[in-house]
Amino acid sequence: MMTEEISSSQLSKHTGSTVRIHGHIQSLRDMGNLAFVVIRDMDGSVQLVADEQEVLLIVRQAAPETPVIAEGVVVARPQGQGFEIQLKELTLLSTPALSLPVEIGKQSKVDGLSLSTMLDYRPLTLRSPKVRSIFKIEAVFCEAFREFLRERQFTEIHSPKIVATGTEGGAQLFKLNYFGREAFLAQSPQFYKQIMVGALERVFEIAPVYRAEEHDTTRHLNEYISMDVEMGFIENEHDLMDLLNKLVKHMFEKVSQSCGDELSLWGAKIPEVGTIPRVTLSEAVDIINSYQKKGSKEKTDLDPEGEKIICEHFYQKENSDLVFITGYPLSVRPFYAMPLPLQNEMSSRSFDLLFRGLEITTGGQRIHRHEELISAMQGRGLDPEAFKDYLQCFQYGMPPHGGFAIGLERIAKQLLGLPSVKLAALFPRDINRMTP
RNA sequence: GGGAUCGUAGCUCAGUUGGUUAGAGCGCCUGCCUGUCACGUAGGAGGUCGCGGGUUCGAGUCCCGUCGGUCCCGCCA
């Protein structure tokens, strides 16, 4: 009978039997005539115990991160909980060419790494249980996002990332040479997802977007994963916030259900999502000013400090980790934002969603009437001719529609309490990093 | 685009008012150790103190320049 090949999460089902298991060596403790080898595999880790001379000789040739196939008997650990494998055979599948530049087997060492070391040695640091857990959680965020939207008849799309024009102008676009013509990397699937509302009514996309902005902060990337949604036949922006409210609730619940181990590595607490409070920008600014010390300057806008204050306020008042900010002035939104006329100012039917002090989503209703869109563009000095392909869908008739986009790395950063969004990207691209 | 701050061993850091041979922990190498799990233990290797210039009898330490890192603002997800 063939020895069964299992992974570390299946140990308990094989107590007493001989199994094969493969993984990378995470730690080695040689006690002389006894050695302990912890290997890490795709879903956990397990300790191997070697006490036979032939096996011990092989163990002594191994180094941390060596990939191995082990064969032995699954036994309960004499002390503590869980299981270990009494080694009969160990095969080293390759030999690391270098000793490791950083110690990834010890959690405290991984936690202490500087950001640049963490990223310079990304192929290695990504292997540590705590680092890789970030990306398991992101995968579940994506699954949950897809699952929720598919159930509501949204269709997943893939829009082009090489584009001829930007959505707002052009300053923040990466330029590239497209067979001698000027092209850009898409900063958003905005136009395409709107166009697809005309075809499929409800669409979503999970894909990278590119921003050529020269910022250098813990919340910006020049390439990030945008989780985009767009839907037709809405009443107004509140339909979108209703949808987003349920969507993030589902995303957090799914991560809570299937990522217990990963969350506990970070000590992360899943937010309880009820009805997310909605405040207008001017209400938010008033709240922020009420917290400011006397004599300090009155805020007129929502800066990063204000975002933290407003989130803290709603956490204390309504036990909500999330808050919608609505009613942004039309002037600070893109030309396609639907206007919302108020008594003495021109507002927009758009919103941001803040999570624990950071903006994770922007969205809103879009202008769907062709003439209104043309005049909105002209009002901002944009030439409709440059957007004529986008404008086609409006010429053929578009329903009231809108959407939003969630920043994947940002939501992961906030959930796990990461010090930088760069840690939530596999291979982050920032103002001075293109490698690895 | 504007600003702040830091560069000392593979990693994380200490290094006094400028003083003689630059340190620690972990890792690495060679041993010893049959229940380790931050294993223990004996020994060892490893440094152009980012780089260039200056001040000084003397610079890791002070000054100027430069390169790199980290962070903040504007802007954004």
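**View 1. Helix α5 on the sheet.** In this predicted model, helix α5 (residues 129-151) lies across β7, β11 (202-210), β12 (223-232) and β19, and runs at about 155° to β11. Helix α6 (residues 190-200) packs on the sheet, touching β7, β11, β12, β18 and β19, with its direction at about 30° to that of β12. Helices (H or I, at least four residues) and strands (E, at least two) are DSSP runs, numbered from the N terminus; contact means heavy atoms within 4.5 Å. Axes are lines fitted to C-alpha atoms, for helices over the stretch in contact, and angles run from 0 to 180 degrees between N-to-C directions.

**View 2. The open sheet of eight strands.** The strand order is β7-β11-β12-β19-β18-β17-β14-β13, with mixed pairing (two strands pair if DSSP finds at least two bridges between them). β7 (155-156) and β13 (278-280) each have a single partner strand, so one side of each is left without a neighbour in the sheet. Strands β18 (residues 358-366) and β19 (residues 401-407) pair in the antiparallel sense over six bridges; Arg 366 has His 401 of β19 as its bridge partner.

**View 3. Charges over rings.** Lys 130 lies over the face of Trp 266, at 4.6 Å from the ring centre, and Arg 333 over that of Tyr 328, at 4.1 Å. The criterion is NZ of Lys or CZ of Arg within 6 Å of the ring centre and within 35 degrees of the ring normal.

**Notes.** Residues are numbered from 1 along each chain as its sequence is written, chains are lettered from A and ligands numbered from 1 in the order in which they are written. Local features need pLDDT of at least 70, side-chain atom pairs count only at pLDDT 80 or more, and totals for chains, interfaces and linings use all residues, while side-chain values use heavy atoms, with hydrogens and water left out.
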